[in-house]
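Student: I have a model open on my screen. Can you take me through some of its contacts?

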Amino acid sequence: MAASFRGRPIRSLRMRGRNDSGEENVPLDLTREPSENFREILQNVAKPHGVSNMRKLGHLNNFIKLLCSISHREENFGFTYEEIIICLRLALLNEAKEVRAAGLRALRYLIRDTSVLQKVLRLQVDYLIARCIDIQQSNEGERTQALRLVRKIITVNAMLFPSSVANSLIAVGTDGLQERDRMVRAAIAIVCELALKNPEVVAKRGGLSTILKSVIDCQLSRINEALITTILHLLNHPRTRQYVRVDVELEQILAPFTDFHYRHNADTTEGQLKEDREARFLSSRMAIVAAFRSWSGIINLCKAGNSGIQSLIGLLCIPNMEVRKGLLEVLYEIFRLPVPIATPDFTEALLSVDPARFQDTWRLSDGFLAAEAKVILPHRARSRPDLMDNYLAFVLSAFISSGLLEGLVEVVTSSDDQLAVRATILLGELLHMANTILPHSHSHHLHCLPTLINMAASFDIAQQKRLRASAAVNNLKRFHEKKKKGLKPHSLYLDHILRKSASSPGRRDTPSRVHRDIYAIKDTEEALMLNLRDSQILNHKQNLEWNWLLIATILKWPHVNLRNNKDELMHKFVRRLLYFYKPSSKLYAALALDHPKARQLTVVGCLFIEFLMESDEDGQGYLEDLVRDMVSWLSASSGLKPERCLQSNGLLTTLSQHYFLFLGTLSAHAHGVKLLEKGGLFQSLLNLVSVKNQDAVLKLAVSTLDYSRDGLARVILSKILTAATDVCRLYATKQLRVLLRASVEFFSSWGMELLVTQLHDHSKAVSMEALDILDEACEDKANLHALIQLKPALSHLGDKGLLLLLRFLSIPKGFSYLNERGYVSKQLDKWHKEYNLKYVDLIEEQLNEALTTYRKPVDGDNYVRRSNQRLQRPNVYLPVHLYGQLVHDKTGCHLLETQSVVPDLSYTVRSPMLDTWEGIKQLKAALWALGNIGSSNWGLNLLQEENVVPDILALAQHCDVLSVRGTCVYVLGVISKTRQGCELLKALGWDAVRHSRRTLWPVTPEEVDTQLTSELSSVPSTLSLNSESTSSRHNSESESQPNMYILDDDKCDSLDQSDEPPFYLHSKPAKDRSPFTILASTRFARALPELAVPPQQEAALHQRPQVAVVLGRPHAHGAQVRRRRAAEPHGDGALGVQPEPGGVRPGV
């Protein structure tokens, strides 16, 4: 039989799938007694002779069908589990790989619980499984079934996992790449999964070293991150920390940088060495960044003594350009900063990382204006903590304390031009970040500027180094000036909205200038005529050769319009401009969007519209002619025919799309609205709503019309929001966020109603977008009051709808509305039982998405998604919490007090159960709840009465579970949201930054004037560095906080890409006292606590890392902050090891 089997063609023996495997068709009668069927199957499988292998294969497949058709009860089988396993075991010894694969599959279906698994292992089947894994690589079907069976064992009971199989998996993971084994990644993934559930069996067999070796082997960010995260998870808990040799194993990921002669594989040839080294650099960079996304990684790489972070920063002082370049990329990614292009030109490099630079998603065919505005315009949150600020502040402190800035100065002054420019930009970004989010007592790192100036001024050093230092000082000043100007809109569409939307005194209602007037022009008729002639518009018809700068100047000339100037030359000037801009002329409309003069011509066109509007009756005819022509063009280009292609009409590629800016300019004036209505524009747009393939036209209309007054523009917006295609409805909904952030007048009275309507859209994407915008809109009290007045239905939106509804409780009107319906008491009960725990999942999922490649499952899919795209500086605003909303009012605080909420939560904090992940989650839930309660003065009083804040500090310093320490850091940031909270933490040795996110250049001496502080009823302060002051009485948000964007007070007179800052983002900044304000102290600043591990815990934590960062207060004489060892006593409160920021997957 064996001979005949071997004689079969190879193709017939190949495993071709479950339904095409070459098996014989063996009938299975499910109407018979199961015991009879089992007897027949097992007899045939166990027979050594007389049954072909293909027939055995058919019987094994029938075994699985039979097993699935009956319940897994031993009495149904007619045999014991041991007898069945013994028979199936014979299949694993068969010479045919198909039969062995079917036997493995049958065992996988048979193992349903721990008792069956124990019987399998008792009969030593694990050695046969290991044999199947180790068998020749060509048997992929068999090895795949073996790996599936292994995963089933882990799922049933990982603690029983056999070491024999673990050895095989680790062997494949260790040497598989060299042998080109296609199963190597699957084996490593299983080893990682096993390490999370049974770390002992993996560690004892060297599996952790295999995982770390695989980290350096892997250049795929998603896989690389998953591998290193496995190790970081083990470091998170004291029970598993003992298995990782931190100094030896974890720091392997640094080896490609720290070892200049590093060879990952001994057999790498000299010719392959450079390519191999680049691959190892990439893998190491990914792993280091992933480690710094986790508090476990931060702790272990930043511990006292010879830490990993000090090794990395020390490399900056060694003149190895390859290593320096790689380290700079690591630092850029750690601090979520875009990497500049490689160029010796500082200006070019700086522009390449400008957030306002054009992005492909800003095209009309993609996200357009809504995508641009989300980047350019700041979030409405003023007092809401941003947890990413906590994270970045501590990481930045760690690097600064380890000498990063001094290392960057060395790179700047001793590297080639490209690296020097890249290092200078990083230095400027970090100094700006430190000045913004670090307390004053930790901003003594600013001595790096005197170092640069000394190098630039000293003749005792090499000339080249002196010149580089001088260039760096100048470049830092230019960097500072750019930061002062803030983010400018790239597109004319966003600029148009910002100019027209605001009614505040700091904003103008006149068009932006093309350029500052460079001509000294006297306000005389002679000068006007002179400029008319010099503009060349009257001399020839070569439109693009006209002096458009002078034309813009004439159109903006004070008191000059057709009403006051009856001269024929002025009318000829207007007629030629009108002809140029009319769509029917195909002059302006035919120019490409990327034409060098495109922006200037469009700005002049808007000025021309304004000029005609001011001319009253004299300009009426010209305006009517232009409007009539534009409406005719719109009807022709869309044709109201679905089959007409917009691309063929040039709307996506030519300046014809800018006609909507002209229409938007008209819609901002009452007279212009009448002209548009008379010309039939609004009716044309309403007709287009129901026509297919008109998305681009509708997006342009939504983006440019003026909604500041009630009228047909709002009607069109409402129609598009409800009746257009899914794509248009979603875009129009996103446009409401633009209008919200642009502070369009009276948005609360009409915009909120439109958003509430969108909550009921049949498209989930639209309703979720509207919900997110409403959540942001409620940062303004006026919008929150308007939402309560609308009484929206939110229950159909799940937990996110619930969180929005909870916002009602922050003001008396909303509290009364919900309390009258019995909602508050029900929610208190639900939060006590389950929602406090759900809150932990919600907030850690948001942190995971922000810090890692993890992406939230979509539409209920349980599959964990990852993305290769890392978000640039995402925000993680603190989600709404029931207790945090109730404490904004005395009534809510009294309700929490009567239900003994704080004492119950305090008990959990004082008596944590850290042995299980459920107990850890309960502790985190209690911490978040207490933090939200302490976010107001009323609630903070409850915490002080219970005296629970010192217990939170103790956890932050001494908790053995590092992720709990991370939660404590975030919670303390929430508590420091008010001045009272800051003072409480200061008394306990902790300090926080005392300015809001919107504070411009927070610069003040250490001796803060007492009368200034007395004026602040509640100074914003938080370790997350983004809080706004709250009223000591009602804890309400201040609406007058300055923003944190780096802007100045200059007026912007242009729409071009000039160096002038846009006027619409300006508020009065603190006056610069020096050209290097970027390097000044932090306003209302204090010191953060130092991070240390108590020495008595060192032995118990198996060489647990000591001080992550020393953030002590400065010396009384102004000396530099000193680094202290963990064992040294220190008067300031110690934060302990830096906790997990949510970047670790399991056990966060």
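Student: Leaving aside its neighbours within four places in sequence, which residues is Ser906 in contact with?

Tutor: The model is predicted, so local features need pLDDT of at least 70, side-chain atom pairs count only at pLDDT 80 or more, and totals for chains, interfaces and linings use all residues. Residues are numbered from 1 along each chain as its sequence is written, and side-chain values use heavy atoms, without hydrogens and water. Contact means heavy atoms within 4.5 Å. On that basis, Ser906 is in contact with Leu930, Glu946 and Val948.

Student: Is Ser906 buried or exposed?

Tutor: Buried means under 20% relative accessible area, exposed over 50%, and partly exposed in between (1.4 Å probe, protein chains only). The relative accessible area of Ser906 is 0%, so Ser906 is buried.

Student: Which backbone oxygen does the side chain of Ser906 reach?

Tutor: Ser906 is found in helix H49, residues 901–910. Helices here are DSSP runs (H or I, at least four residues), numbered from the N terminus. At 2.7 Å, the side chain of Ser906 reaches the backbone oxygen of Val902.

Student: Which residues have the most contacts inside the largest nonpolar core?

Tutor: A nonpolar core is a set of buried Ala, Val, Leu, Ile, Met, Phe, Trp, Tyr and Cys residues joined through side-chain atoms within 4.5 Å. The largest one has 332 residues. Those with the most contacts inside it are Phe335 and Phe573.

Student: Leaving aside neighbours within four places in sequence, what is Phe335 in contact with?

Tutor: The heavy-atom rule for contact applies again. The partners of Phe335 are Leu392, Val395, Leu396, Phe399, Leu404, Leu430 and Met433.

Notes: Helix = DSSP H or I, 4+ residues; strand = E, 2+ residues; numbered from the N terminus. Polar contact = N/O pair within 3.5 Å; in protein donor to acceptor, adjacent residues only side chain to side chain.
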